[in-house]
Amino acid sequence: MVAEGPQRRRLRLPEGYDPARHGEALRSWVRQQLGPSWALEMVDLVAGVAYARRQVEVTELEAADGSAERMEVRLASGTRPSDAERVAARLEDQHPGWTMTAFDPWLGRAELAKVPDGHRRVRAAVATALGVKPWDVGVEARPGGGYRLRLPASYMPSRHDDRLDEVATSVIGSLGWYVEADPPHLRAEVIPGDPPTFPAVLPYPFGALSETMRLSVGHCLGRSGAELGPEVALDLEANPHALVSGTTGSGKSVALWAIIGGALRAGWQVAIVDGPKGGVDFAAFQPACFAWGDSLERAAEVVKAVYEEGRSRKQALKASGARRWHDMAPGHRPPPLMLVVDELTSLIIPEPVPKGVPKDHPLVVEASERNLAKAEILSALGKIARELRYVGVSLVGATQKASTATGIPTELRDNMGAHFLLGLRPSESQRRLALTHPETVPEVPAHLAEDVAASRGVGVYELDGAPPGVLKVYWATPEDYMAHAR
Ligand SMILES: Nc1ncnc2c1ncn2[C@@H]1O[C@H](COP(=O)(O)OP(=O)(O)OP(=O)(O)O)[C@@H](O)[C@H]1O
Ligand SMILES: [Mg+2]
């Protein structure tokens, strides 16, 4: 039996009541006679009665002049958190044009407001991104464009900021829009902006102080418009080795210039190896170099010499009792040493030895000798990357990789902790070869890739201890760098 009470009324059905024909009329009669908070609950045709139930009680309209933007609703006692969807649907149905903007069953209240359609869409998108209900998020217009958000208590910057940025750029606005959050106050602003881009040239910051173990490479893409992101630098104390990959003409050699230039400026010893091209891209650096390898044979010698130098440093380090090179007293340690290898792949991938030719034929002898030199280079590079991590020796390589077959061994790549992949539209397989975690590294945005000037020297990076991103490499010529070498 259904009990009557302050929240429930029993109604006698008129003679000849037919639910199919009179149901709608009865429902509106209930609302008109008992008030908008009442709804038909059930009809008992056998007993000839119907029950109406008081769902909610509208107790307060904030503005009395009829232009109310907000009203407060008292929830029926016993309303539970899980009733939110149902209550919202009913309230919004009973008050067309109004939206439930707060739901607090513990305090027995809800709130309705007139929310413009655009704001409802923003609210839904933000709520989905944060994994909450739409009424847990507040939206209002932001002076100057965009939106102001009230965030739920469950908001956590580390978990939600990426998702909010995604909503800002892909649902609410477009590329270049961004979110500025104020976590302590649970507030955020969604701010409109133009798609982020780079200038045609990013001059190397010769005016900035040089730090020995932190070498500037370029700038990260900003959030919006021409605003630059933070500087991207190699932290060679945290990770002494780096690998620059990219297709031909993508800016690998220019990136090596920046690293070599920074190293010379900071007082490093630099050894340069570039067999295939005979060192033409680096000729201007030669006078400042500790060692120079512009042929395969010389390259093998230089790489082995650097390894031997590193080993003797390791002995000295041991004898000094220090754990790492930079823990040694400055007067008692040699300057850090950087081995730069351009066109790395062609120095380590063996070439085919002609088949069906006598073993002592000059062609076979020559190929075998070259392959021996390559094997020595690969072995020494592997040992430098693996064994000489904290002795003040850095290995910086550049490579153009076309396929897995010509890629550098995964172990060597992973030991060269900092990864740059220059170029605008690398294939999936290039990304897999160049990066350890390609799935976490963003891609160069299409609008930037299409801009010939802005996209020169642009690519992506993956560094230890910093989020991956899109960067543009600094520009200066080897002569500029030489003018600033120590
Ligand atoms: N950071 C940059 N800023 C401006 N222009 C750049 C930048 N990097 C590269 N360029 C332009 O692109 C050209 C090619 O660059 P670079 O020689 O470094 O490419 P690469 O990847 O070494 O090519 P390759 O595979 O042929 O050696 C440069 O001569 C320069 O004009
Ligand atoms: Mg090059």
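Biologist: Which residues does Arg142 touch, not counting residues up to four places away in sequence?

Modeller: A word on conventions: this is a predicted model, in which local features need pLDDT of at least 70, side-chain atom pairs count only at pLDDT 80 or more, and totals for chains, interfaces and linings use all residues. Residues are numbered from 1 along each chain as its sequence is written, chains are lettered from A and ligands numbered from 1 in the order in which they are written, and side-chain values use heavy atoms, with hydrogens and water left out. Arg142 is placed in the loop between strand 8 (138–141) and strand 9 (147–150); strands are DSSP runs of E with at least two residues, numbered from the N terminus. With contact meaning heavy atoms within 4.5 Å, Arg142 touches Tyr147, Arg148, Glu189, Val190, Ile191 and Pro192, residues up to four places away in sequence being left out.

Biologist: Is Arg142 buried or exposed?

Modeller: Buried means under 20% relative accessible area, exposed over 50%, and partly exposed in between (1.4 Å probe, protein chains only). Arg142 has a relative accessible area of 18%. Arg142 is therefore classed as buried.

Biologist: Why is Ser210 classed as partly exposed?

Modeller: Ser210 lies in the loop between strand 11 (187–191) and strand 12 (214–220). Ser210 is in contact with Arg265 and Ala266, leaving aside neighbours within four places in sequence. Ser210 is partly exposed because its relative accessible area is 33%.

Biologist: Which residue in strand 20 is the bridge partner of Leu421?

Modeller: Two strands pair if DSSP finds at least two bridges between them. Strand 19 (residues 418–422) and strand 20 pair in the antiparallel sense over four bridges. The partner of Leu421 in strand 20 is Val460.

Biologist: Which residue in the turn of the hairpin formed by strand 20 and strand 21 has a positive phi?

Modeller: Strand 20 also pairs with strand 21 (residues 469–473) in the antiparallel sense, over four bridges, and Gly459 stands opposite Leu471. Six residues lie between the two strands of the hairpin. The turn residue with a positive phi, of about 75°, is Gly465.

Biologist: How much of the area that ligand 1 exposes when taken alone does the protein bury?

Modeller: A backbone N or O atom of Ser253 lies 2.9 Å from an oxygen atom of ligand 1, and one of Gly251 lies 3.0 Å from an oxygen atom of the ligand. Taken alone, ligand 1 exposes 630 Å², by the Shrake-Rupley method with a 1.4 Å probe. The share buried by the protein is 77%.

Methods
Polar contact = N/O pair within 3.5 Å; in protein donor to acceptor, adjacent residues only side chain to side chain.
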